[in-house]
Amino acid sequence: LSPKLELTLERDEWAPGERVRGRVLAVEGGRSRELGAQLCFCEASNGYETVAHSVPARAPLHTGDLEDGSSFPLELALPADAPPAWSGPGGRLYWEVRVRSDEFGVDTKASREITVVPPRRE
Amino acid sequence: VAGSTPKRVGRGGGQKGSFGWGNRILAVMLLAGGLGFLAWGVVDYANGSGDAASEGAQAAASIFAGVFGLFLIALGALAWLKGRPLRAGHYSVTASPSELHRGGRVDAAVRVQDPAKVGEGAEVGLVCREYYSVTKHTKNSTYRDDEDRVVFEEWHALSPAQPLIHEAFTVPADAPYSHDGTYLSYHWCVTARERRELRPDSRTEASVWVLP
């Protein structure tokens with residue numbers, strides 16, 4: 001049985017260079033080889049999407065099957081030169097936190113978009 | 001970058017969009033075909049016909065081949081110019097600084113190398129072009145293509161009497177920042193251009209990297 005994941009973050013707004021913190025809750029447990037997380041800078045244009053830059057967690061959040069109600073802290077380093085989101089007529093650029101349970105068959109995923117505030121300059 | 005991926009965020013994608021290989025290949029094929037037809041027409045016309053009865057028909061065929069060759073050459077030249085506008089070689093442009101934040105000012109230095117070639121309507125500008133992916137449809141298939149549009153431009157008239165001209169531009173604080181992506185890119189540059197009637201503008205440019 002595949003697990004059901006819920007991703008919560010301490011807040012939605014983050015500054016470049018900060019560590020994005022939150023938790024992953026296994027609302028329903030299930031078979032899993034590994035639970036991982038990464039920060040992704042994504043680009044989307046007319047139905048085409050890709051990750052332009054990614055920052056994986058230093059280590060897997062968990063290895064092995066997930067039990068009902070189990071919860072795992074996550075911490076990801078937002079790059080110091082992380083650009084803020086941008087939305088133009090042809091597409092948009094944005095950051096999101098993605099978690100993935102590596103399973104036999106289709107992986108279970110959860111994601112949450114975050115707001116990166118523009119860098120402060122003197 | 002404080003992460004495991006060494007490259008800087010938003011740099012090093014594959015999308016350039018400034019010169020599609022399709023246009024380049026099409027232009028070369030049309031130019032080669034056009035030159036072939038033109039050469040055939042000229043050689044055929046020069047050799048003439050030994051038979052007086054068919055001389056008129058052969059001359060007509062030669063002229064048709066020559067005209068058709070010129071038509072293909074013109075199409076090839078248009079395909080080439082569509083992908084790559086003429087370079088205004090009598091100008092050189094430099095941007096200082098070449099990397100700046102939004103809200104910052106960039107100085108465009110335009111050096112007029114050959115004042116005799118300078119035409120009317122010369123301008124220097126700061127331009128941001130957005131490259132984005134779209135799905136296109138043919139009768140039997142769909143495919144991805146890149147299109148582009150100008151999302152910011154500001155132009156100042158050039159006074160070509162001076163050999164070195166400095167023009168300052170401000171990158172708006174709410175403008176897009178530079179991004180080299182796969183499906184979406186924003187390229188900034190300072191450009192000197194000459195507007196020309198019924199022909200593509202000639203231009204020369206220098207890239208600028210705009211940080212958030």
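User: What is the N to O distance in the salt bridge where the side chains of B:Arg149 and B:Glu130 meet?

Analyst: This is a predicted model: local features need pLDDT of at least 70, side-chain atom pairs count only at pLDDT 80 or more, and totals for chains, interfaces and linings use all residues. Residues are numbered from 1 along each chain as its sequence is written, chains are lettered from A and ligands numbered from 1 in the order in which they are written, and side-chain values use heavy atoms, without hydrogens and water. A salt bridge is a side-chain nitrogen of Lys or Arg within 4 Å of a carboxyl oxygen of Asp or Glu. For B:Arg149 and B:Glu130, the N to O distance is 2.9 Å.

User: How many residues apart in sequence are the parts that this pair ties together?

Analyst: Strands are DSSP runs (E, at least two residues), numbered from the N terminus. B:Arg149 lies in strand 5 (residues 142-157) of chain B and B:Glu130 in strand 4 of chain B, so the parts they tie together are apart in sequence by 19 residues.

User: Is B:Glu130 buried or exposed?

Analyst: Buried means under 20% relative accessible area, exposed over 50%, and partly exposed in between (1.4 Å probe, protein chains only). B:Glu130 has a relative accessible area of 0%, so it is buried.

User: Which residue forms a salt bridge with B:Glu147?

Analyst: B:Glu147 lies in strand 5 of chain B, and its partner in strand 4 of chain B, so the pair ties together parts 11 residues apart in sequence. B:Glu147 is partly exposed at 28%. The N to O distance is 3.3 Å, and the partner is B:Lys136.

User: Which residue forms a salt bridge with A:Arg112?

Analyst: The closest N and O atoms of the pair are 3.6 Å apart. A:Arg112 lies in strand 10 (residues 108-116) of chain A, and its partner in the loop between strand 1 (4-9) and strand 2 (13-14), so the pair ties together parts 100 residues apart in sequence. A:Arg112 is partly exposed at 31%. The partner, partly exposed at 43%, is A:Asp12.

User: How many salt bridges does a search of the whole structure find over all chains?

Analyst: Side chains of opposite charge can pair when their charged atoms come close. Across the interface of chain A and chain B, the rule finds zero. Over all chains, the search finds 15.

User: How many residue pairs are in polar contact between chain A and chain B?

Analyst: The area buried between the chains is about 2,400 Å², with 62% from carbon and sulfur atoms; buried area is the accessible area (1.4 Å probe) that two parts lose on being put together, summed over both. A polar contact is a pair of N or O atoms within 3.5 Å; within protein, one must be able to donate a hydrogen and the other to accept it, and residues adjacent in sequence count only if both atoms are side-chain atoms. Between chain A and chain B, with both residues at pLDDT 80 or more, the count of pairs is 10.

User: Which strand gives the largest share of the side of chain A that touches chain B?

Analyst: The elements giving two or more residues to this side are strand 4 (34-45), strand 5 (48-56), strand 8 and strand 9 (91-102) of chain A. Eight residues, the largest share, come from strand 5 of chain A.

User: With which side chain does the side chain of A:Trp86 make a polar contact?

Analyst: A:Trp86 is in strand 8 (residues 86-88) of chain A and is buried, at 16%. Contact means heavy atoms within 4.5 Å; leaving aside neighbours within four places in sequence, A:Trp86 has contacts including B:Arg102, B:Asp174 and B:Pro176. Its polar contact, at 2.9 Å, is with the side chain of B:Tyr186.

User: Which residue's backbone nitrogen lies 2.7 Å from a polar atom of the B:Ser178 side chain?

Analyst: B:Ser178 sits in the loop between strand 6 (164-170) and strand 7 (184-194) of chain B. It is buried, at 6%. Its contacts beyond four places in sequence include B:Tyr186 and B:Trp188. The backbone nitrogen at 2.7 Å belongs to B:Val210.

Definitions and conventions:
Helix = DSSP H or I, 4+ residues; strand = E, 2+ residues; numbered from the N terminus.
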